[in-house]
Structure formats: structure tokens, C-alpha cells
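Reader: I'd like to learn how to read a fold from its strands, helices and ring pairs. Can you walk me through one?

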Amino acid sequence: MPLLSRLYDDLLRPALYSVSGGDAEQVHARTLRLMALAERRPELLAPLRSRLATDAPVEVGGVRFGNRVGLAAGMDKDGRALSVWPALGFGFVEVGTVTRHPQPGNDRPRLFTLPKSDAVINRMGFNNAGADALADRLDAHRPAGTLGISIGKSKVTPLGEAVEDYRYSFGRLARHADYVAINVSSPNTPGLRELQDKGALREILSALRSDSAAVGREAGRDLGHEAHDAAHAVPIWVKVAPDLTEPALAELLAVCLDVGVAGIIATNTTLSRSGLDQTELSYAAQPGGLSGAPLRARAVEVVRFVHDETAGALPIIGVGGLRSADDALAMRDAGASLVQVYTAFALHGPMVVRELARALA
């Protein structure tokens, strides 16, 4: 293990948990506050960038990414530290998941670190300041770098009104995004995964594809000409659950191909509790989504299925349990064009990002 990784694991992470009383959500909040402060001090970011960044640009789905490793949604829900993530080695950042209405999320405690299992269980419930707040922040300052925005359904919105809920968030945020991720797969909003059903998903994606074309027309006018819709339409990616059966996933992919989405993000967190260390089995009863090492094999399996089922027609962002160069290469070999990390970064620090990015460069 590199020296910096050992320092993070042995000193920095224990110190963060100590000052936060062992509360994983407090650790997250404190870390994000520090990063938000660094956002306003660009002179602090240059040394980090020189040490950690991997410059290996690649184009996927019509979008240029700084390298093949991105920050998964959930870490910086409200886009408070967008200039910091590239300095920590990420080639792109996905903020959110953002909802139309501001919402506090589920009751605490709702975030649990399982160090022996190299995993996290969360039931955050899309806690965020809302689409309007993020749009206002990006109107004031949209840093350079590839930005994805994940949008989901508000908890207060009935399933029957989900289309308009997604359309509102898309309408407020799409102009700032290099791509928009449609989250219909979180296990922490009641009923949300029902939107992966082919009928519901087609309705949502068809509406958003139409709205994306309108964004493209507006972008063309901003450039001084009436551009073809497809030239400037914002790419739409769909994030899928690892718990879908193969027939259900095949139906979802057929809809995505038919509607014309840009790609698939595989996968979200899982409801499964297999792979937990024996000393942490007590956490199996905690509701929420499991991420980290126990998800790795299933995530690779889903990526391979998506690639084979679509004959490689849909680019894939592979996410779930990635920590080492070998993990990244396995995801690439399964068919992923890009990868994302969250849990390994949170538990082991930015050297993980550098290792993955260099392996995939």
C-alpha cells in the first residue's frame, strides 16, 4: 500500500471519526465543509492537482472526460466543491441526486461505515437543497470540468406525477450539465424502483429526450445559428439497480435503446447483504443500500450483461466496489467505458482515484 494511502487509513480517517464521535454522516459533512472552503482557495488546489491528477482525456457518448474515473453521485449532492474534485484526480464529477423539491432525507442515523467489510450502508433518501438551489449555484459559478447531474423523484411526489417532477429538475439543470443521469434505482425512496418498469421508464425518458432536444435548439440559438437538435442535446444516462433480474434488466435496456439514451450507469447500491464480514453481520438488519467491496462482483456482472445484451451499443459507466487497478481493469474488460467511485474514496482517500485512473489511462 502506498505511503499516502497508509497515512489516510491509519491516521486521517481515524482522526476524522474521532472528532465526529464515530458518526459517519458527520465525517462526510465535515469533509465536505473543508472542501467547500478549498473551493474558494484555488492556490491550495494546484499542489493537489500536480500530485493526484491523471490527464488522460477520452470521449464517450459525445462528451469529453478528463480521464475515465468519476466521482459517483451522493458525495457532493449540492455541488459545493466542484473545483476540488478534479484536483483530487477525478476526470468527471456527478452531483446529486437532486430532486425538484428540497428535502431533508430519511431520519438519522442513516449512514453506516463497515470497515471490516470495506463497505457502507446508507439510507440517506435524496437529502438535498433542491433543483432550484443547485441551478442558482451553477448560474453564479459553473467551474470548468465535466459535470454530470443526477436527478431523482421527490419523496412527496406521487409516482403518477413522476414525469413532471423529473422534467422540472431537468429543465432547471440540463443547461449546466455535460450529461444528466436519471436515478430510478435508489432503494431509499419508497416506490422509486417501480419506475424501472418498462412502461413508466419509457414515459419518463421520452419526455426528457424531447426536453433535451429543446435544450439543444436553445443552445444552437445561443451560438448564433439554428443547430440541429442532436448537435447540442444534453446526453441522458440511466442508472440501474444491481438487484434487477436479467429479464427485467433486458426490458429496461430495450426501452433505453428504443428511446435513444446516451448510456447506462451500472450500478446503484444493493439491498443484498451478502459478502459482509462475519463481525459486521449485525448491520445486515439496517435498511438501505449497500455499497463497497461486497457489491463489486455483482456490479461487474451487470456491466457485462448490459454490454452483451446491447451488443456494445450503449456506453457504460461501471460503479460498485472499485478500489484497485485490478478492479478497474475487470470493469473495463466487462464492457465499461468509464468508472465511478464513492465508497473506496470515502474509506481510503484520493490515492484510490489516482490508481484507478492510471490503470485505465
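Author: We'll go from the strands to the aromatic rings, then to a helix and a loop residue. This is a predicted model, in which local features need pLDDT of at least 70, side-chain atom pairs count only at pLDDT 80 or more, and totals for chains, interfaces and linings use all residues. Residues are numbered from 1 along each chain as its sequence is written, and side-chain values use heavy atoms, with hydrogens and water left out.

Reader: Let's start with the sheets. Which strands close into a barrel, and in what order?

Author: Some ground rules. Helices (H or I, at least four residues) and strands (E, at least two) are DSSP runs, numbered from the N terminus, and two strands pair if DSSP finds at least two bridges between them. Here eight strands close into a barrel, with parallel pairing, in the order S3-S4-S7-S8-S9-S10-S12-S13. On average, neighbouring strands in this sheet are turned by 25 degrees against each other, direction ignored. For angles, axes are lines fitted to C-alpha atoms (for helices over the stretch in contact), and the values run from 0 to 180 degrees between N-to-C directions.

Reader: How many bridges join S4 to S7?

Author: Four, between S4 (residues 92-98) and S7 (residues 147-151), which run parallel. Val 95 has Ile 149 as its bridge partner in S7, and Val 98 has Ile 151. S3 and S4 also pair in the parallel sense, over two bridges; there, Gly 70 has Phe 92 of S4 as its bridge partner.

Reader: Is S4 buried or exposed?

Author: Buried means under 20% relative accessible area, exposed over 50%, partly exposed in between, with a 1.4 Å probe and protein chains only. Seven of the seven residues of S4 are buried, so the strand is largely enclosed by the rest of the structure.

Reader: And which strands form an open sheet?

Author: S5, S6 and S11, antiparallel and in the order S5-S6-S11. S5 (111-114) and S11 (289-292) are the edge strands with a single partner each, so one side of each has no neighbour in the sheet. Neighbouring strands of this sheet are turned by 20 degrees against each other on average, direction ignored. S6 (residues 119-122) pairs with S11 in the antiparallel sense over four bridges, and Ala 119 stands opposite Gly 292 in S11.

Reader: On to the rings. What describes a pair of aromatic rings?

Author: The distance of the centres and the angle of the planes. Rings of Phe, Tyr and Trp (its six-membered ring) pair if their centres lie within 6.5 Å; planes under 30 degrees apart count as stacked, over 60 as edge-to-face and the rest as tilted. This structure holds eight aromatic pairs. One of them is Trp 85 with Phe 345, edge-to-face at 5.8 Å centre to centre, with 70 degrees between the planes. Trp 85 sits in helix H4 (residues 84-87) and Phe 345 in helix H12 (residues 343-348), 260 residues apart. Phe 90 and Phe 345 also form an edge-to-face pair, at 5.3 Å centre to centre and 70 degrees between the planes. Phe 90 is in the loop between H4 and S4, so its pair with Phe 345 in H12 ties together parts 255 residues apart in sequence.

Reader: Why does Phe 90 count as buried?

Author: Because its relative accessibility is 4%. Phe 345 counts as buried at 6%. Elsewhere, ring pairs link Phe 65, Phe 92, Tyr 179 and Trp 237 into a cluster.

Reader: Now a helix. What do the buried residues of H10 pack against?

Author: Contact means heavy atoms within 4.5 Å. The buried residues of H10 pack against strands S9 (236-240), S10 (263-266) and S12 (316-319), plus helices H9 (246-259) and H11 (325-334). Those buried in H10 include Ala 299, Val 302 and Phe 305.
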